[in-house]
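Open the model in your viewer and keep the selection panel at hand. The stops below follow one another through the chain.

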Amino acid sequence: MDLFHFEWKTVPFRLIAFVIAFTLHEWAHAFVAWKLGDNTAKSEGRLTLNPIPHIDPFGLILILFGPFGWAKPVPINPLHFRGNKRLGIVYVSFAGPLINLILAVLFCIVFFLVDGSGVLVGMHEKVAYAIRTTLIFSVWINTALFMFNLFPIPPLDGYKILRFLSPRSWDGKFYNFEVYGPWILLLLIFIPGVRTIIFGVPHEIVLAWVEQIAINILKVFI
């Protein structure tokens, strides 16, 4: 699959997958910030698994029908973090992609269990198709979000991780780069050949890695 693959018939299944992925991603940011002592996200109703506070309708529509989209960013105040503030930002930033990786593995395990058990055989064809397709997109989308958000380009989580793990003396250079980051990101997304190399190939590698993790976990318990 192309990272920005689109088909009308898959919209409902991708919608479910994206809502779950976006909601858990933003919740993870809010949860880690709260555990570090910052109540900003909690006070604004973002420490919840209810998707409504997390979903940006326009960003969701764009990612369903276009090449990119977004959820509502979780507000944080690093000044409230206990301990090292810069590491706190790193932890909060990494929490989102990490939960997407965990979700990808869990959905992959469920897919292998459902697909291998034959439970779908006795179901109505459309119901079986809906379940199978939703699980496939849930694995694919969460894997893509894990990989995509770790790219060190503003405003992605990977950029924040890189910036706040770097020496303070580099802050000026990072600050200047932030002005151009979103434009660089859009350029990479909208150039098909570059998009495939920058995003498509890493996604296939991470997807294979997720599948192998799921298989290894299943071997332990089955």
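Begin by selecting residues 15-167, which the UniProt annotation "domain: Peptidase M50" covers in an unreviewed entry. UniProt positions follow the numbering used here, feature names are shortened, and annotations may be inferred rather than shown by experiment. Over residues 15-167 the chain is 66% helix and 0% strand, with the end C-alpha atoms 40 Å apart. Helices (H or I, at least four residues) and strands (E, at least two) are DSSP runs, numbered from the N terminus.

This is a predicted model, in which local features need pLDDT of at least 70, side-chain atom pairs count only at pLDDT 80 or more, and totals for chains, interfaces and linings use all residues. Residues are numbered from 1 along each chain as its sequence is written, and side-chain values use heavy atoms, with hydrogens and water left out.

Next, colour the spans that the unreviewed UniProt entry annotates as "transmembrane region": 12-34, 55-71, 91-114, 135-154 and 174-194. Residues 91-114 are 100% helix and 0% strand, and their end C-alpha atoms lie 34 Å apart. For residues 135-154 the figures are 75% helix, 0% strand and 30 Å between the end C-alpha atoms.

Now select helix α4 (residues 85-117) and helix α5 (residues 125-149), which pack at about 155° with their axes 8 Å apart. Axes are lines fitted to C-alpha atoms, for helices over the stretch in contact, and angles run from 0 to 180 degrees between N-to-C directions. The angle makes α4 roughly antiparallel to α5 (over 145 degrees; under 35 is roughly parallel, 65 to 115 roughly perpendicular and the rest oblique). Show side chains at the contact (heavy atoms within 4.5 Å): the α4 side includes L101, F107 and F111, and the α5 side includes L135, V139 and F146. The residues of this contact divide into 15 nonpolar, five polar and two charged.

Move on to helix α6 (residues 157-165) and α7, packed at about 160° with axes 10 Å apart. That makes α6 roughly antiparallel to α7. Y159, L162 and R163 of α6 meet D171, F174, Y175, F177 and E178 of α7.

Finish on D171, in helix α7 (residues 171-190). Which residues does D171 contact, leaving aside its neighbours within four places in sequence? They are R86 and R163. The side chains of D171 and R86 make a polar contact at 3.2 Å (a pair of N or O atoms within 3.5 Å; within protein, one must be able to donate a hydrogen and the other to accept it, and residues adjacent in sequence count only if both atoms are side-chain atoms).

How values were computed
Ala, Val, Leu, Ile, Met, Phe, Trp, Tyr, Cys and Pro count as nonpolar, Asp, Glu, Lys and Arg as charged, and the others, Gly among them, as polar.
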